[in-house]
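Trainee: I've got a new structure open and I'd like a quick tour. Can we go through it together?
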Amino acid sequence: MWHRLNKGAIHAQTIGDRHTRSNESIPQTSVYHCCIGAICQEETSVNLETVNYQHDGGVAIIKLNRPQAGNALSAQLASDLLAAASNAAKDDNVRAVVFSAEGDFFCFGGDLKEFKEFGGQPDKLKPIADQLHEAMSVFLTMPKPVIVAVNGMAAGAGVPISLVGDIIIVDETARFRLAYTAAGLSPDGGSTWLLPRLIGFRRTQELIFENRELSAQEAVEWGLATRTAVQGAALDTAIKQAQAMAEGPTMAYASAKKLLETTFANNFVAQTDIETQEIAANMAGHDGKEGIDAFVNKRKPNFKGMR
């Protein structure tokens, strides 16, 4: 069963503040997804100009699609990425998300050629940055696993964009370089929020001030990425991981993401209070009961992705 969905009706929503984005800020165009049963069993796609979106089974695959420009961030790409991420987040048929890019590069960061045309006017840049940051927030907080496949060079804003997943798979040839100061710019894209939390303050300073380039293996050793994949296999590896997780306890994954999101803001008592609330809710739900029963009876659980 195909369901026609107007792109203007797509809303971004986060676990933390449950904010929604006005549909007036997203161009009106038609997108499609299907609603059949608990998991969509037909491959579907969303029609966007600079981002590819596919939904096959319980997995949504989102790929940046400006390979001729190194998948550099433009106004259109920021808008499309927010639309794609929001659609995946709110679609209950999607139980895991893969995020990658077309071509030989993951993302070169901002499209400096386009930005140059702005003539240094902040009012031109701000809407792009706002939509990018909101798209990243949706990825980081959506109540389902996100697996990123970094297929090549990630530079500038491409670095923090590559870090929005719960699992980061990097092609063994991939490289990471912030490169902001080389262009006379300061970091953005959430890099000064994400990087210190992942790799520490001093290493973040090294990447920013020295423009050090990291190899795929170094990215894993530093804590930017989860593991490497052999050349050309990052996307397939990520899809297989997502397919496995799409059959898992989606709400337990959602609780884990929520808990990790709040860990640095809470003291021990506050954090463990939230842990207790979440595990109690999951234990009382379908997947918690199913998981416990399967464990006790030594059988494979049949998770439905619900409480």
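Trainee: Where does Asn211 lie?
Mentor: Asn211 lies in the loop between α6 (201-209) and β11 (214-215). Helices (H or I, at least four residues) and strands (E, at least two) are DSSP runs, numbered from the N terminus. Before we go on, this is a predicted model: local features need pLDDT of at least 70, side-chain atom pairs count only at pLDDT 80 or more, and totals for chains, interfaces and linings use all residues. Residues are numbered from 1 along each chain as its sequence is written, and side-chain values use heavy atoms, with hydrogens and water left out.

Trainee: What is phi of Asn211?
Mentor: It is near 50 degrees, a positive value in a residue other than glycine.

Trainee: Is Asn211 buried or exposed?
Mentor: Asn211 is buried, at a relative accessible area of 13%. Buried means under 20% relative accessible area, exposed over 50%, and partly exposed in between (1.4 Å probe, protein chains only).

Trainee: And Lys298, what is its phi?
Mentor: Phi of Lys298 is near 55 degrees, again positive in a residue other than glycine. Lys298 lies in the segment after α11 (286-296). Lys298 is exposed, with a relative accessible area of 78%.

Trainee: Back to α6. Which residues there are buried?
Mentor: Thr204, Leu207 and Ile208 are buried in α6. They cover an arc of only 95 degrees around the axis, so they sit on the same side of α6. The arc is that of the directions from the helix axis to the C-beta atoms.

Trainee: Why would residues in a helix point the same way?
Mentor: An α-helix has 3.6 residues a turn, so residues three or four places apart point the same way.

Trainee: Which residues are exposed on the other side of α6?
Mentor: Arg202 and Phe209 are exposed there.

Trainee: What covers the buried residues of α6?
Mentor: The cover includes α5 (191-199), β11 and α7 (216-222).

Trainee: Arg203 next. Which ring does Arg203 lie over?
Mentor: Arg203 lies over the face of Trp222, at 4.4 Å from the ring centre. A charge sits over a ring if NZ of Lys or CZ of Arg is within 6 Å of the ring centre and within 35 degrees of the ring normal.

Trainee: New topic. How many aromatic pairs are there?
Mentor: The count comes to three aromatic pairs. Rings of Phe, Tyr and Trp (its six-membered ring) pair if their centres lie within 6.5 Å; planes under 30 degrees apart count as stacked, over 60 as edge-to-face and the rest as tilted. Among them, Phe99 and Phe139 are stacked, at 4.7 Å centre to centre and 20 degrees between the planes.

Trainee: Which parts does that pair tie together?
Mentor: Phe99 lies in strand β6 (residues 96-101) and Phe139 in helix α3 (residues 122-141), so the pair ties together parts that are 40 residues apart in sequence. Phe99 is buried at 0% relative accessibility. Phe139 is buried too, at 1%.

Trainee: What about Phe105 and Phe108, how do they pair?
Mentor: Phe105 and Phe108 form a tilted pair, 4.6 Å centre to centre, with 50 degrees between the planes. Phe105 is partly exposed at 31%. Phe108 is partly exposed at 40%.

Trainee: Now the core. How many residues has the largest nonpolar core?
Mentor: The largest nonpolar core has 57 residues, and those with the most contacts inside it are Ile62, Leu81, Val97, Phe99, Phe106 and Phe139. A nonpolar core is a set of buried Ala, Val, Leu, Ile, Met, Phe, Trp, Tyr and Cys residues joined through side-chain atoms within 4.5 Å. The largest share of this core, nine residues, comes from helix α1 (residues 75-90).

Trainee: How covered is α1?
Mentor: Mostly: 13 of its 16 residues are buried.

Trainee: What does Ile62 touch?
Mentor: Not counting residues up to four places away in sequence, Ile62 touches residues including Val51, Leu81, Val97, Phe99 and Phe139. Contact means heavy atoms within 4.5 Å.

Trainee: Last one. What does the chain come to overall?
Mentor: The protein chain has 11 helices and 12 strands. Of its 307 residues, 48% count as buried.
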